[in-house]
Amino acid sequence: MLLLRTDPTRPDPSVIRTAAGVLRNGGIVAAPTETVYGLFAHAYREDGCAKVFKAKGRPMDNPLIVHVDTVEMAMAVADIPNDVAEILRRVWPGPITVVVPSRGVVARCVTAGLPTVAVRAPAHPIPLSIIKELGAPIAGPSANKAGRPSPTTAGHVVDDLDGEVDVVIDGGPTFFGVESTIIDVTKRPPVVLRPGPFTVEELEKLFGPVSVPPVARGLAEADVALAPGMKYRHYAPDTVLVIVHFDLAEAVETLRARGLKVAVLCATGKCAEANYVIQMGDDLYEVARNLYKSLRDLDKLGVDIGVVPAIEERGVGLAIMNRLRKASGHREALNKEQLLAML
């Protein structure tokens with residue numbers, strides 16, 4: 001595995017050429033985006049796509065996202081309605097992915113054999129430069145082992161995928177810290193499949209009313225994964241994690257009275273004394289940026305259980321709760337009795 005470091009705002013041309021050459025020859029490259037680190041293959045190569053699935057241990061029915069640098073490149077791989085294309089010209093590059101009918105030109109494993117494809121233009125100079133150098137779209141998921149918390153630093157990528165990736169580009173920490181918003185525009189009204197930095201409130205200003213089903217809130221799993229994050233275990237630490245909807249101090253006291261070593265993940269001012277305390281941030285965007293790092297840090301503490309306060313599901317809070325529900329295995333305690341029942 002080759003680890004290359006570069007300035008994320010002004011990528012080294014030699015690093016970009018190396019990455020593009022690896023992708024062109026069917027290899028795989030991990031690189032930062034504005035959301036999390038992605039694990040990329042040439043979107044047209046079945047062999048590169050297959051290596052992504054193998055490295056991650058990813059189920060083959062879980063599609064990838066095609067990353068492009070322009071709306072025009074997106075239209076070469078997908079059938080995008082004119083009204084949607086005009087919206088994308090306003091919001092791309094950015095953390096919003098659209099699910100649209102596929103033209104069938106990308107590798108079959110990219111779409112998991114579905115008639116639709118998920119497409120976005122990342123707002124980060126490194127992947128945009130790679131796409132431009134390659135002259136073709138790249139496809140990938142987050143650069144971590146399937147089920148693990150997504151990587152927001154190159155170190156996280158190396159921890160999970162050392163020796164299984166041809167090139168890792170270290171461009172420093174990512175900005176948003178949670179994956180892009182995914183919206184299915186083949187439906188009317190459009191359906192949010194995965195919440196992210198681009199909030200439901202912002203989506204409605206662009207698309208009008210949108211549907212937010214239980215799967216987008218992390219309350220259910222999809223039968224068919226139309227896009228990443230809809231099915232299977234995701235974002236999970238090895239340590240047991242519980243979302244607490246009642247007094248955090250009471251929850252910690254209850255757990256410690258049972259002889260458990262407890263860590264608290266503090267968010268937006270909600271905290272309590274515990275064996276260990278992990279500060280995620282004072283505002284929702286800071287919490288989102290630190291979420292996956294905090295889940296990885298939880299596993300380093302050697303505690304019996306981690307507790308995290310429930311987040312109000314407005315703005316980016318919806319994306320945070322989606323990830324926490326999946327990370328916790330849907331363990332949510334509304335009161336002390338429910339918490340005790342989980343032990």
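Reply: Happy to! Let's start with Pro93, which sits in the loop between helix 4 (82–91) and strand 5 (96–101). This is a predicted model, and in it the peptide bond joining Trp92 to Pro93 is cis, with omega about -5°. A cis bond also turns up between Arg188 and Pro189, where omega is near 0°. Pro189 belongs to the loop between strand 9 (181–184) and strand 10 (191–194).

Loops also hold some backbone angles worth a look. Ala112 is not a glycine, yet its phi is positive, near 55°. Its place is the loop between helix 5 (108–111) and strand 6 (116–120), and Ala112 is partly exposed because its relative accessibility is 23%. His330 has a positive phi as well, near 65°, and lies in the loop between helix 11 (317–327) and strand 15 (332–333). With a relative accessible area of 37%, His330 is partly exposed. Gly329, which follows helix 11, has a positive phi near 65°.

That brings us to helix 11 itself. The rest of the structure largely encloses helix 11, because 11 of its 11 residues are buried. Among them are Leu318, Ile320, Met321 and Leu324, but also the charged Arg323, Arg325 and Lys326. The cover over these buried residues includes strand 10, helix 8 (200–207), strand 11 (240–244), helix 10 (284–299), strand 14 (305–309) and strand 15.

Now for the aromatic rings. A pair of rings is described by how far apart the centres are and by the angle of the planes. There are 2 aromatic pairs in the model. Phe175 and Phe176 form an edge-to-face pair, because their planes stand at 75°, with 4.9 Å between the ring centres. Phe175 is exposed at 52% relative accessible area, whereas Phe176 counts as buried at 19%. Tyr235 and Tyr292 make a stacked pair, with 5.5 Å from centre to centre and 25° between the planes. Tyr235 is in the loop between helix 8 and strand 11 while Tyr292 is in helix 10, so this pair ties together parts 57 residues apart in sequence. Both tyrosines, Tyr235 and Tyr292, are buried.

Finally, the charges. The model has 18 salt bridges. One of them joins Asp170 and Arg5, at 3.6 Å from N to O. This bridge links distant parts of the chain, with Asp170 in strand 8 (residues 167–170) and Arg5 in strand 1 (residues 2–5), 165 residues apart. Arg5 is exposed, having a relative accessible area of 61%.

Asp47 and Arg45 form another salt bridge, and their closest N and O atoms are 2.5 Å apart. Asp47 is partly exposed at 34% relative accessibility, and Arg45 is partly exposed at 28%. Lys300 meets Asp297 in a salt bridge at 3.8 Å, N to O. Here Lys300 is exposed, with 65% relative accessible area, while Asp297 counts as buried at 18%. To close, salt bridges also link Arg148, Asp160, Arg296 and Asp299 in a network.

Note on methods
Residues are numbered from 1 along each chain as its sequence is written. This is a predicted model: local features need pLDDT of at least 70, side-chain atom pairs count only at pLDDT 80 or more; totals for chains, interfaces and linings use all residues. Side-chain values use heavy atoms; hydrogens and water are left out. Helices (H or I, at least four residues) and strands (E, at least two) are DSSP runs, numbered from the N terminus. Buried means under 20% relative accessible area, exposed over 50%, partly exposed in between (1.4 Å probe, protein chains only). Contact means heavy atoms within 4.5 Å. Rings of Phe, Tyr and Trp (its six-membered ring) pair if their centres lie within 6.5 Å; planes under 30 degrees apart count as stacked, over 60 as edge-to-face and the rest as tilted. A salt bridge is a side-chain nitrogen of Lys or Arg within 4 Å of a carboxyl oxygen of Asp or Glu.
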